[in-house]
Amino acid sequence: MELAKRVTVLIVDDEIQDRIRIRNLLNRETDRFEVVGEAGSAEEALEIIGIRKPDLVFTDIHMMQMSGLELAEQTRRLYEGCHVVIVAESREFEEVRRALRAGAEDFLIKPVEEGELRESVLRIGERIQNERRQNRDYHRSIYGKKGSWIIEQAAAYIDRNLMNQELSLKVVAAAIFVNESYLSRIFKREMGEGLIEYITRRRIAESIRLLNTTSLKVYELAERVGFRNSHYFSICFKKQMGMTVKEFRQRKKGQ
């Protein structure tokens with residue numbers, strides 16, 4: 001497997017020795033996997049995930065402030081395509097059930113044994129490679145279609161200007177020199193969501209990162225991620241996350 005095609009992995013655990021153990025085991029499969037980061041907390045992990053976009057996350061289930069279960073839920077909700085494995089000290093039925101409900105694809109017991117880890121990562125790694133092949137085939141099928149390159153430019157522009165409260169279909173279209181209605185139509189067709197919905201989803205993802213790493217007030221959060229007012233931000237947040245900002249913070253404190 002080419003270096004660039006290796007499955008990228010993030011290891012999350014507040015116990016450094018447990019991180020070292022998993023890293024050492026993964027390093028024996030360097031032709032297939034690459035450890036791109038380690039985190040001692042879920043909050044730190046979310047920051048790394050937002051930057052490095054790993055294919056696979058190994059996370060301890062019990063950590064201070066935010067648990068591995070909540071990390072799994074947020075990761076799967078905000079970063080589509082990222083796979084999660086939960087690591088715990090016992091295989092209690094309730095913990096396994098909660099892990100699966102959170103979107104975890106496997107559940108390993110500490111201390112993680114080499115054979116069990118290898119079986120898990122190879123199985124999930126193959127799944128990731130299959131997803132890559134499917135995505136590659138899809139993109140090849142639309143390669144050359146008029147407008148496909150425009151989507152890439154539009155998404156890149158949005159990500160660079162997420163904090164801009166003036167960001168809109170009109171602004172994006174003007175920035176990349178295309179017709180508004182044409183951009184709206186092909187964005188929806190190829191991305192599966194409207195351009196405004198994409199902007200909102202990306203802004204909520206950024207607000208989650210800030211909620212986990214700062215103590216900003218709601219109106220400050222709204223401004224930082226590009227919303228014109230805190231009321232509309234709160235509406236969008238609840239619609240996407242299924243809870244209010246206050247409820248999110250209370251849940252986080254209760255972990």
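1. In this predicted model, Val12 stands opposite Thr59 in strand β3. Val12 belongs to a pairing in which four bridges join strand β1 (residues 7-12) to β3, the two strands running parallel. Strands here are DSSP runs of E with at least two residues, helices are runs of H or I with at least four, and both are numbered from the N terminus; two strands count as paired if DSSP finds at least two bridges between them. Residues are numbered from 1 along each chain as its sequence is written, and side-chain values use heavy atoms, with hydrogens and water left out. Because the model is predicted, local features need a pLDDT of at least 70 and side-chain atom pairs count only at pLDDT 80 or more, whereas totals for chains, interfaces and linings use all residues.

2. As for confidence, the protein chain averages a pLDDT (the predictor's confidence in each residue, from 0 to 100) of 87, and 92% of the residues score at least 70. Strand β3 (residues 56-60) has the highest confidence, at 96, while helix α5 (residues 114-142) has the lowest, at a mean of 80.

3. The other partner of β3 to note is β4, joined to β3 by five bridges in a parallel arrangement. Within this pairing, Leu56 stands opposite His83 in β4, and Val57 stands opposite Val84 in β4.

4. Both strands of that pair are mostly covered, with five of five residues buried in β3 and six of six buried in β4 (residues 83-88); buried means under 20% relative accessible area, exposed means over 50%, and partly exposed lies in between (1.4 Å probe, protein chains only). In a regular strand the side chains alternate between the two faces of the sheet. In β3, Leu56, Phe58 and Asp60 lie on one side and Val57 and Thr59 on the other, and all are buried. In β4, likewise, His83, Val85 and Val87 point one way and Val84, Ile86 and Ala88 the other way, again all buried.

5. Helix α3 (residues 68-78) is also mostly covered, eight of its eleven residues being buried. The buried residues of α3 include Leu69, Leu71, Ala72 and Leu78, and also Glu70, Gln74 and Thr75.

6. Side chains of opposite charge can pair when their charged atoms come close. A search of the whole structure finds 21 salt bridges, each being a side-chain nitrogen of Lys or Arg within 4 Å of a carboxyl oxygen of Asp or Glu. Glu38 takes part in a salt bridge with Arg19 (3.2 Å, N to O). This pair links distant parts of the chain, with Glu38 in strand β2 (residues 33-39) and Arg19 in helix α1 (residues 16-26), 19 residues apart. Glu38 also meets Arg23 in a salt bridge (2.4 Å, N to O), a pair that again links β2 with α1, the partners being 15 residues apart.

7. Asp31 and Arg32 meet in a salt bridge of 3.7 Å, N to O; Asp31 is partly exposed at 40% relative accessibility, and Arg32 is partly exposed at 31%. Elsewhere, salt bridges that share partners join Asp13, Asp18, Asp60 and Lys110 into one network, and Asp60 is one of the buried residues of β3.

8. The second largest pocket has a volume of about 240 Å³. A pocket is an open set of points on a 1 Å grid over the protein atoms alone where a 1.4 Å probe fits, with protein on both sides within 12 Å along at least five of seven lines, and lining residues have an atom within 4 Å of a point; the volume is the space filled by probe spheres set on the points, which are joined across faces, edges and corners. Helices α9 (195-213) and α11 (230-241) each supply at least two lining residues, and α11 gives the most, with five. Among the lining residues are Ile196, Glu197, Arg201, Tyr232 and Lys239. By class, the lining has four nonpolar, two polar and three charged residues, where Ala, Val, Leu, Ile, Met, Phe, Trp, Tyr, Cys and Pro count as nonpolar, Asp, Glu, Lys and Arg as charged, and the others, Gly among them, as polar.

9. Finally, Arg228 is placed in the loop between α10 (218-224) and α11, and it counts as exposed because its relative accessibility is 55%. The C-alpha atoms of Arg228 and Ala104 are separated by 36 Å, and the two residues are 124 residues apart along the chain.
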